[in-house]
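Subject: Handing over a model

Dear colleague,

I am passing on the structure we spoke about, with my notes on its strands and sheets below. Please keep it open while you read.

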Amino acid sequence: MSLTDTRPPLATIFVLSAAALAYEVLLIRLFSIIHWHHFAFMIISIALLGYGASGSMITIFQRGLLQRYGGVLVFNAVMFGVSAMVCFIAVQKMPFNALEILWDTSQWQRLFMSYLLLTLPFFFVANSIALTMTRYHQRIAMIYGVDLIGAGVGAIAILLLLQLYSPDNVLRIIGVLGIAAGLLAVHKLACLGRMIVSSLLALFVVIILFSPSDWLELRLSEYKGLEQVLLIDGTSHLQRHSNSLSQVDVIASEKIPFRNAPGMSLLSPAGTPDQLAVFRDGDEMTTIDKYESGTSLVYQDYMSSVLPYHVHDSPEKILVLSSSTGNELLQAYLHNAVQIDAVEYDTLLTRLITDDHADYFGWEHIKDAVRFHNISPRGYAATSGEKYDIIVTGVPGGSSGGAAGVHALATSYNFTVEAVEQYIRLLAPDGLLSMTFWTSTPARGNLRLFATAVEALRASGVENPGNNMAWVRSWNTATLVIKNGVFNKDEIKRIRDFSTARAFDIAWLPDIKPDEVNRYQLLQQAVYYIAATSLLSDAPQDFINSYKYRIRPVSDNDPYFNNTFKWSSLPELLNISGRGGISMIDVGYPTLLFTLVQAIVAATVLILLPLAFIRRDSKASTGGRNSILIYFTSIGLAFLFIEIAFIQKFTLILSQPLYAVAVTLCAFLIFSGLGSLYAQRKLMASPDEHTQRLLKYAIGLIGAITLIYVFAFPHITGPIMAMSEPARITAAVLLAAPLSFVMGMPFPIGLTATRTNSPTLLPWAWGINGCASVLSAILAIVLAIEIGFSGIMLSAVLFYTLAWVFRPANR
């Protein structure tokens, strides 16, 4: 390559940037399928680790790499494409099982190796971009702009690709894009080299496109429901559909029929009809009933979730939230509902009963009464002006790992205080809100739901919430019914009669007596009744604090409904490990902590340790070094704290975590990049004059905008959720734009001051910031579980303030 070449390979950078961000979002989707959680925080940390490790490596070997720039660029581009697939295949070959992480140390090793392997593709992309910026430093603004535009295109493209292709085929496409980026860069090589390399790269493309399908076939955790069911003799895989939201599998079982009836009484005179099993992302099993005649629905009247139909006098308008595969629709139809509004965000699920298996389900018999709404429950609650006699939430799909707490890190905005308040507002006078959950031992989720409902009623102005609540328990479900008004004596008698006829236990009624609880499904203690009376007392916090699990009310600011881990109970549970104590510990939160520890180790070894070999300025004062350490650590932590908080806030607005990640990353990359370029331009014009003033304005604006958002978000989410999907995405980008723009300024300002004062410490500034960023993506979730996402954003303001106090001042 000629040293006089002044044309940077912009096409290569564009394709690599787009492919890298698409790969980052795709990994989140892949982890949702093969594991129980998307691990978005870990994937973001992995990407940042790859970029940070690349910066340290290039700092050390910069001269030699620049001398071979053309070959190194092609090599790294191609290696991104190859490693994107190979590393994922390798991760699947050493399966990680979160269920065993507390007692099997090999799971720690597998998690750590997975973390390191998936770092490699991002390492290669970062090498290409950083070396190009170094080689063409006079065109750095243009390269940076193309990098940001490519990332933005990648964020949009991955969502479209996942709508059209299965995730494993999208992985092939990303691999091909890496090879294509290498082909676009071969003009940097000598003529003979171009021909040889181009031929080899074309061969790589053919291998990727026509490689056996089982190479990239997704291997789900052996403990997920789909994998367990397929082990049963006589099962057959009828179909699989996927989109950007989910992967849906339909399974038939000829020899051993499915019998899914959540909470069905053992006194039911009829059993379930034939059923097809439906799995969403390999778990959360629901079923499609085979319609035979009206008698095939008899069993539906013996489930705890049907309670509201026996309490209300004449329910005509029914709202079913998360209608899934139609179980709650059948219950409403059985009780002669005139209008059934079914809310289900995932169209793959609704298509199963209205199209693919319509005859099997008997869609023809109920379709005239049903209207589907393709929106999230919160989105519908925020937009609908209807009033309903009964609102029911579908029983969550059965999860093979739910009892072990694998869903503890998943956010759920459908069962927060704010959500329940919205649902209550949709009730007609004397209307009923019914929520049915699976029970667990020890009791956790249902108690948390009751605590949340009590708080929602009090927030709605109900002085004595207990008079508006009824709670019954079957052998494996519990149904909580909230009335828009006080239960009268006749309704209370109906609840008692309903429960007695089905051998269900009453956990709470307005006039309940201690001797009528815990009669049928016997527990060692009447924990549901004890919890209800305690949570409805004048001092509910005493019970919440003393209970072995976290059951405090859930809010939009802390939407981790399934996380019931409590530090104070850990010693006691570990002490009874020989009697099953470990199995009582929710594994989600410990997995998060293990991820944080491995991130600390990896970031230290791959980012900071290599920089120890760089000669430092012995003349730099200790105070100057400390300022650099505190400043770049603070802005690294603060930036990701706010970014992670926005991902969670946008999950509520956009109704889907994958969309929230893609939109947030796209907006923050583009607008913070523009802010960085703005700061660089100002500093180039007059560095001494603008450095301190620009930093003061930037940090001041960051603090002000963040504080506005902390208080404004609860008030603006409702109107935004009422918009169409394109409008919601646009609104999310506009919300992120001003804050991310000013957040892009402190880093280049700090680098400029460091380059002026102690140029030999510049690599350390990069490394410290990179290390802090890697950790903060995970640390933000750890802290959010304790202090909420508003607390995380306020913590970020404190870190930015700390950065101002310890700013590296120009001499």
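How many bridges join strand β5 to β8, and do they run parallel or antiparallel? Four bridges join β5 (residues 317–321) to β8, and the two strands run parallel; here strands are DSSP runs of E of at least two residues, helices are runs of H or I of at least four residues, and both are numbered from the N terminus, while two strands count as paired if DSSP finds at least two bridges between them.

Before going further, please note that this is a predicted model, in which local features need pLDDT of at least 70 and side-chain atom pairs count only at pLDDT 80 or more, whereas totals for chains, interfaces and linings use all residues. Residues are numbered from 1 along each chain as its sequence is written, and side-chain values use heavy atoms, with hydrogens and water left out.

Strands β5 and β8 belong to an open sheet of eight strands with mixed pairing, in the order β7-β6-β5-β8-β9-β11-β10-β12. At its edges stand β7 (370–373) and β12 (505–508), each with a single partner strand, so one side of each has no neighbour in the sheet. On average, neighbouring strands of this sheet are turned by 20° against each other, direction ignored, where axes are lines fitted to C-alpha atoms (for helices over the stretch in contact) and angles run from 0 to 180 degrees between N-to-C directions.

Within the sheet, V320 stands opposite V392 in β8 and also opposite A342 in β6. Strand β8 (residues 388–393) is largely enclosed by the rest of the structure, because six of its six residues are buried, that is, under 20% relative accessible area with a 1.4 Å probe and protein chains only (exposed is over 50%, partly exposed in between). Five bridges join β8 in parallel to β9 (residues 427–438), with I390 opposite L432. Helix α16 (residues 417–425) lies across β5, β8, β9 and β11, at about 140° to β9, contact meaning heavy atoms within 4.5 Å.

Finally, the structure holds zero disulfides, a disulfide being a pair of cysteine sulfur atoms within 2.5 Å.

Best regards
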